Amino acid sequence: MKKTLVVALFLSAFAVNGQNFSKYFVVAADFNKPIVNKEFINNFSQQSYKLVYREFITDRFTVGGELGMATYNDYIPPYVYVNDNTSIYTDIYSYVYNYTIALSGEYFFTTEKIVMPYAGFGLGAAYNQFTMYYNVFQQQDNRWGAMVRPHAGAIVRFGKKSNWGVMTDVHLDYATTKSEDTDYTNGFANVGLQVGLVYLKR
Amino acid sequence: MRFFALTSLLSLALLGCKVTPDPVDLLQHMVVQTTQDENTDFTFYSSFTLSMDTLGLYANDPKDTLVLGDYAEIVTSKIRNEMTSAGYAYLSKDQNPDLGFAITVFDNYSVYQTISYPTYYSGYYGYGYGGYYGPIVSTYESRSTTLVIHLLDLKNRDAQGRLKVIWKAYIGDISQSVNPDQKVLEAIGQAFDQSPYLNKP
């Protein structure tokens, strides 16, 4: 009996005293860079945002959804494109408008401390508008595809008792959205860093 | 529920903020497309003619069929200079030239059209070359103004008396681009630069 009590006391001393968060919301800016077909676009994204919602299903696991939007663009100087017996001279303003919706789950390594690191995986759909603007002309290839997003990051709360914090997250996105017209023959992929404001609800 | 309402509103707001190129940057360079007839040997020709100071016109107003004045003059002069630089002799129509130009402005602003360009034309369009028809126009949304240059083989009509288009150049937009009167001359020069097969040896 005495031995059992000692063991119980020992375990309770190291037991996790959870914060009992039930859910959180994030509004984030997202800085993305494509990692495929860099001849078309090799710049960081502009006006990239993400809205995130998660619910804790245990002390450590969350599931939820997110909406994302990113605009990639670049400039291709004037060039003569030759195809059989036709030549076209133009400069091109290349754009990819990227919209994503995903279901995602994360595992938090701790939820008790101010810094709450995690790793997760998202699965969803991407809608890409591969667009070329040249002079008054425009050519657009709109594609839906499946998307996977492994990611990792941390929530840093403003204080031990605070429900507010910032989130940083690095992610790799791959979507099956292929565009022959713009030479995305193997889909679209990017890496990104998102930084956002978090509200954690208990 | 409130979260989804908020995210929906935010999403709609974000979708409304679509980034597009600055028009001033976008309209700096005209687009120049050239196409050669793959079965034509351009060394076979040595002279050309051109209706100087006059361009054909497709526009909203069916009464407008020609472009005259300074603009037509600078365009036709530039084309004539490019051809003579390429080694062709300029002749008048009655001197039996090998080649002839049909030059048309398509002012499709607010008109819903597209244009297809068959290789052969079997009618008369008004440039003094019997056997040349204008392009075929069908419905499509287009708000551009394009200069279309057709080079016709005047020596070799087919069995139906039709003239063959052996080189085409489409240049646009010739009205909305920055400094269009200067840019159209650069674009005509580019059309010839990217068609080295036109140069006489």
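**Close-up views of a two-chain predicted model**

**View 1. The second largest pocket and its lining.** About 440 Å³ of space lies in the second largest pocket of this predicted model. Its lining is made up of 17 residues. Those nearest the centre of the pocket are Y81(A), I92(A), M132(A), D181(A) and T182(A). Three strands of chain A, β3 (61-83), β4 (86-108) and β5 (115-134), each contribute at least two residues to the lining. Sorted by class, the lining holds eight nonpolar, six polar and three charged residues. Rolling a probe the size of a water molecule over the atoms shows where empty space is left.

**View 2. Y79(A) on strand β3.** Y79(A) belongs to strand β3 of chain A. Is Y79(A) buried or exposed? Its relative accessibility is 52%, and because the cut-off for exposed is over 50%, Y79(A) counts as exposed. Beyond its neighbours within four places in sequence, Y79(A) is in contact with I88(A), Y89(A) and T90(A). The C-alpha atom of Y79(A) is 8.9 Å from that of I92(A), a residue 13 positions away along the chain. I92(A) is also one of the residues nearest the centre of the second largest pocket.

**View 3. The interface between chain A and chain B.** Contacts across the interface involve 31 residues of chain A and 30 residues of chain B. The two chains bury about 2800 Å² between them, and carbon and sulfur atoms give 65% of this area. On the chain A side, N85(A), Y89(A) and N135(A) supply 25% of the area that chain A buries against chain B, more than any other three residues.

**View 4. L26(B) and its contacts with chain A.** L26(B) sits in helix α2 (residues 23-26) of chain B. With a relative accessible area of 11%, L26(B) falls under the 20% limit and is therefore buried. Residues up to four places away in sequence aside, L26(B) touches Y93(A), Y133(A), Y134(A) and N135(A) from chain A, and P21(B) from chain B. S177(B) is 151 residues from L26(B) along the chain, yet their C-alpha atoms are separated by 8.3 Å.

View 5. Chain B has four helices and eleven strands. Of its 201 residues, 47% count as buried. Among contacts in chain B with a separation of 6 or more, 75% are between residues 24 or more positions apart. D37(B) is placed in the loop between β1 (31-36) and β2 (47-49) of chain B. This residue is buried, at 11% relative accessible area. The side chain of D37(B) makes a polar contact of 2.6 Å with the side chain of T40(B).

View 6. Most residues other than glycine have a negative phi, and most peptide bonds are trans. Which peptide bond is cis, with omega near -5°? The bond in question runs from G172(B) to D173(B). D173(B) lies in the loop between β11 (163-172) and α4 (180-193) of chain B. In chain A, Q47(A) has a positive phi, near 45°. Q47(A) is part of strand β2 (residues 46-56) of chain A and is partly exposed, with a relative accessible area of 32%. In chain B, the phi of D53(B) is positive as well, near 70°. D53(B) is located in the loop between β2 and β3 (55-58) of chain B, and its relative accessible area of 34% makes it partly exposed.

Note on methods: Residues are numbered from 1 along each chain as its sequence is written. Chains are lettered from A and ligands numbered from 1 in the order in which they are written. This is a predicted model: local features need pLDDT of at least 70, side-chain atom pairs count only at pLDDT 80 or more; totals for chains, interfaces and linings use all residues. Side-chain values use heavy atoms; hydrogens and water are left out. On a 1 Å grid over the protein atoms alone, a cavity is a set of points where a 1.4 Å probe fits but cannot get out, and a pocket is an open set with protein on both sides within 12 Å along at least five of seven lines; lining residues have an atom within 4 Å of a point. Grid points are joined across faces, edges and corners, and a volume is the space filled by probe spheres set on the points. Ala, Val, Leu, Ile, Met, Phe, Trp, Tyr, Cys and Pro count as nonpolar, Asp, Glu, Lys and Arg as charged, and the others, Gly among them, as polar. Buried means under 20% relative accessible area, exposed over 50%, partly exposed in between (1.4 Å probe, protein chains only). Contact means heavy atoms within 4.5 Å. A polar contact is a pair of N or O atoms within 3.5 Å; within protein, one must be able to donate a hydrogen and the other to accept it, and residues adjacent in sequence count only if both atoms are side-chain atoms. Buried area is the accessible area (1.4 Å probe) that two parts lose on being put together, summed over both.
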